[in-house]
Amino acid sequence: MYYLLARAIKLQGFHRWEDVDRRLYEARRILDTSDLFRNQTVDHPLKALVCFMHGRWLFFGGVNKYSEADTQLDEACRIFLALNNHQDNEAVGSALSYRALIFLQNQRYPDALMMLNRANHIFYAKSLERSRNQVEPYTDPRLGDVLYAQGRLYFQIEKFSSALKYLQDALSCYDKALPDSHPLIGAAKISIGETFNALNKRESACTFLASGKKSFANKILPPYYSHLVERATEILKHVVLDKKQKFVARSLSSQPSAEQLELVASKTCDRWEKIARKRGIGFSQREIETIKKRHPFDPETQSQAVLEKWKEIGGTEATISELILALIDSGNTNTAEEVFSVPAVAGMKILGKPLDNMQLNSIAQSVGDKWEEFALTTEMNIGMSDIGKIRNSDESERCHQLTALLAAELNDRAAAIKVVQALRRIGKEQTAIETFGIDLVKLI
């Protein structure tokens with residue numbers, strides 16, 4: 001019996017979960033069949049320990065084992081109480097915390113709360129006793145179990161600030177009592193990361209989720225921990241995508257960074273001449289030959305020289321959106337997605353299309369009496385003589401004339417982007433959303 005328990009504990013350290021399972025089932029079988037335990041009139045502490053370890057292990061084993069786990073933990077509680085003259089102690093509190101986690105998984109929140117209130121009372125009383133006796137505060141991982149379960153309860157019922165407090169206290173307790181690689185530390189970190197994410201604190205969420213995942217790296221995990229890692233991976237994926245989209249929204253109309261140009265150059269060095277000729281980059285054959293002579297037999301440097309020259313000459317007109325369009329047109333869509341994100345490229349494929357008369361007419365009608373302010377924006381750049389003609393025409397003709405003028409002026413690939421920016425300047429972003437859709441407008 002002692003050998004089986006020792007082996008189970010040791011195998012947990014090596015994360016050999018199936019072997020742990022077998023050892024604990026064997027220990028439980030001995031308890032149920034051995035005359036030594038079956039003939040005793042009083043409960044044996046070893047039986048309580050096996051029931052507790054087995055119940056705890058079954059909880060980590062997944063949803064199909066929760067019922068059996070609760071039975072084992074309930075039996076452990078009963079024996080712990082019997083051995084302690086029916087007085088609560090830390091062993092009872094720890095078993096209650098795992099029963100609470102099982103109830104949480106089954107969404108039995110009142111039952112979970114009842115268990116945790118009792119467990120909290122046990123550890124609170126013990127903390128007061130230690131304080132009166134001037135003993136150091138708890139470094140017992142069983143207190144961490146109670147705090148962790150309390151945090152998970154508050155998370156489940158969407159009281160995220162309270163959840164964060166309890167989970168952080170649980171992590172602090174685990175850090176003092178357990179080795180860095182212990183799975184309970186990883187579980188607490190991932191739970192904290194989930195809570196930060198629910199509170200829209202993305203950077204903190206990423207830090208804890210990544211650190212928690214690292215605790216489980218290269219380990220074979222039972223279902224409970226596997227699900228935690230899967231949730232962390234999913235949240236991190238969405239947080240990264242959200243950050244990319246926010247980056248795109250801020251930067252599509254700005255100049256690409258030196259790092260982005262260097263990355264594009266390295267990925268397209270064998271096709272740089274084709275990109276250089278595309279509209280938006282606009283290098284002539286003579287300019288291309290000059291760069292080739294300046295940097296002979298070095299296509300990556302030639303590619304980077306073109307992009308840097310384009311950025312220098314183009315100034316504010318040398319935007320990320322123009323570079324994405326040039327990459328798409330030259331057959332380098334994959335490079336554009338790798339450097340500037342998939343949402344940006346998907347959006348530019350739509351925004352890069354010429355505006356049709358129906359869209360232009362809708363825009364002209366929507367700007368209404370703000371048409372002159374719209375025409376004078378830096379994006380539209382319509383001359384005063386043209387504005388004067390529209391101003392002097394009949395009011396009924398102004399929309400038609402503005403539509404015709406927009407059709408003549410907005411004939412490049414960045415027309416939609418310019419229109420969205422101009423509408424935003426005059427407080428008509430809703431018109432842009434109605435014309436192009438909210439997802440595309442967010443990209444600009």
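Let's start inside the protein, where the largest nonpolar core brings together 58 residues. Leu323, Ile324, Phe340 and Phe374 have the most contacts within this core. Apart from it lies another core, this one of 54 residues, including Phe123, Ala149, Tyr174 and Ile185. Keep in mind as you look around that this is a predicted model.

Two packed helices are described by the angle between their axes and the distance between the axes. Here the pair is helix 17, residues 320-329, and helix 19, residues 342-351, whose axes come within 10 Å and cross at roughly 80 degrees. Angles of 65 to 115 degrees count as roughly perpendicular, so that is how helix 17 and helix 19 sit relative to each other. On the helix 17 side, the contact is made by Ser321, Ile324, Leu325 and Ile328, and helix 19 answers with Ala344, Val345, Met348 and Lys349. Sorted by class, the residues of this contact are six nonpolar, one polar and one charged.

Now turn to helix 9, which spans residues 160-177 and holds serine 172. This serine has a relative accessibility of 33%, so serine 172 counts as partly exposed.

Finally, a word on confidence. The chain has an average pLDDT of 77, and 77% of the residues score at least 70. Residues 1-17 stay under 50, and the model gives them 37 contacts beyond four places in sequence. Residues 245-250 are also below 50, with nine contacts in the model beyond near neighbours in sequence.

Notes: Residues are numbered from 1 along each chain as its sequence is written. This is a predicted model: local features need pLDDT of at least 70, side-chain atom pairs count only at pLDDT 80 or more; totals for chains, interfaces and linings use all residues. Side-chain values use heavy atoms; hydrogens and water are left out. Axes are lines fitted to C-alpha atoms, for helices over the stretch in contact, and angles run from 0 to 180 degrees between N-to-C directions. Helices (H or I, at least four residues) and strands (E, at least two) are DSSP runs, numbered from the N terminus. Angles under 35 degrees count as roughly parallel, over 145 as roughly antiparallel, 65 to 115 as roughly perpendicular and the rest as oblique. Contact means heavy atoms within 4.5 Å. Ala, Val, Leu, Ile, Met, Phe, Trp, Tyr, Cys and Pro count as nonpolar, Asp, Glu, Lys and Arg as charged, and the others, Gly among them, as polar. A nonpolar core is a set of buried Ala, Val, Leu, Ile, Met, Phe, Trp, Tyr and Cys residues joined through side-chain atoms within 4.5 Å. Buried means under 20% relative accessible area, exposed over 50%, partly exposed in between (1.4 Å probe, protein chains only). pLDDT is the predictor's confidence in each residue, from 0 to 100.
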